[in-house]
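Trainee: Hi! Could you walk me through this one while I have it on screen?
Mentor: Happy to, just ask whatever comes to mind.

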Amino acid sequence: DAGVIQSPRHEVTEMGQEVTLRCKPISGHNSLFWYRQTMMRGLELLIYFNNNVPIDDSGMPEDRFSAKMPNASFSTLKIQPSEPRDSAVYFCASNLGGEANEKLFFGSGTQLSVL
Amino acid sequence: LAKTTQPISMDSYEGQEVNITCSHNNIATNDYITWYQQFPSQGPRFIIQGYKTKVTNEVASLFIPADRKSSTLSLPRVSLSDTAVYYCLVGDMDTGRRALTFGSGTRLQVQP
């Protein structure tokens, strides 16, 4: 299996622009998670889906952030409009979704820089 | 939500055994303890998971005392490639939240 695939690997944009991050989970996994990592705040859970349905989005910073999972093999995280403070590494992860302690499989992340 | 406390950083030399201890005083009855490893520019990677006593795999050992209020990740004979950040996590079973919350982690630096 190719693992969790994220794109793009790097994204540089200007403040105010829309940014879309993409994720393809491991085939057969039912849960998908979006995390954000910064030096100041570490790894933060933004939102997670189970069977394509958003379960907990309490970690989404504000209305500028939105996430969708139209099918079992694809998810997007959108920031509109982007701000410099959104600069971070965004990770997508997936697992089978059966148990709360089930191990996560992470992608390589998207390094976002908002100028 | 059970919180975890780990040392911020540790230093070691190649060939030594490294033990990283994590405190989780408020761990719930059904919670498991999970450790992840993260290299620069990569996502975290699962290392080991346990509930009580001792668990061992090809990478590490995990020691959990009877009261489960702490756990120790043991890395035998570390090499330079073990330089990474190590996270201790406790499942959020008490809230029913099916997601893991990462703490600050322990930055391990292995020197020649």
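Trainee: How many salt bridges does the rule find across the interface of chain B and chain A?
Mentor: The rule finds zero salt bridges between chain B and chain A. A salt bridge here is a side-chain nitrogen of Lys or Arg within 4 Å of a carboxyl oxygen of Asp or Glu.

Trainee: Before we go on, what should I know about the model and the numbering?
Mentor: This is a predicted model, where local features need pLDDT of at least 70 and side-chain atom pairs count only at pLDDT 80 or more, while totals for chains, interfaces and linings use all residues. Residues are numbered from 1 along each chain as its sequence is written, chains are lettered from A and ligands numbered from 1 in the order in which they are written, and side-chain values use heavy atoms, with hydrogens and water left out.

Trainee: Which strands of chain B supply at least two residues each to the side that touches chain A?
Mentor: Those are β3 (33–38) and β4 (45–50) of chain B. The largest share, three residues, comes from β3(B). Strands (E, at least two residues) and helices (H or I, at least four) are DSSP runs, numbered from the N terminus.

Trainee: And what is the make-up of that side by class?
Mentor: The side of chain B that touches chain A has nine nonpolar, eight polar and two charged residues. Ala, Val, Leu, Ile, Met, Phe, Trp, Tyr, Cys and Pro count as nonpolar, Asp, Glu, Lys and Arg as charged, and the others, Gly among them, as polar.

Trainee: How many residues are in contact, and what area is buried between the chains?
Mentor: 19 residues of chain B are in contact with 21 residues of chain A, contact meaning heavy atoms within 4.5 Å. The buried area is about 1700 Å², and carbon and sulfur atoms give 51% of that. Buried area is the accessible area (1.4 Å probe) that two parts lose on being put together, summed over both.

Trainee: New topic: how many disulfides does the structure hold?
Mentor: Two over all chains, a disulfide being a pair of cysteine sulfur atoms within 2.5 Å. One joins A:C23 to A:C92, with S to S at 1.9 Å. That pair links distant parts of the chain: A:C23 sits in strand β3 (residues 19–24) of chain A and A:C92 in strand β9 (residues 88–95) of chain A, 69 residues apart.

Trainee: Are A:C23 and A:C92 buried or exposed?
Mentor: Both are buried. Buried means under 20% relative accessible area, exposed over 50%, and partly exposed in between (1.4 Å probe, protein chains only).

Trainee: Which residues form the disulfide in chain B?
Mentor: B:C22 and B:C88, with S to S at 2.2 Å. B:C22 lies in strand β2 (residues 18–23) of chain B and B:C88 in strand β8 (residues 84–90) of chain B, so the link ties together parts that are 66 residues apart in sequence. B:C22 and B:C88 are buried too.

Trainee: Why is that one called left-handed?
Mentor: The torsion about the S-S bond of B:C22 and B:C88 is about -80°, so the disulfide is left-handed.

Trainee: What about B:T21, where does that residue lie?
Mentor: B:T21 is in strand β2 of chain B, and counts as partly exposed at 38% relative accessibility. The side chains of B:T21 and B:T72 are joined by a polar contact of 3.1 Å.

Terms used:
A polar contact is a pair of N or O atoms within 3.5 Å; within protein, one must be able to donate a hydrogen and the other to accept it, and residues adjacent in sequence count only if both atoms are side-chain atoms.
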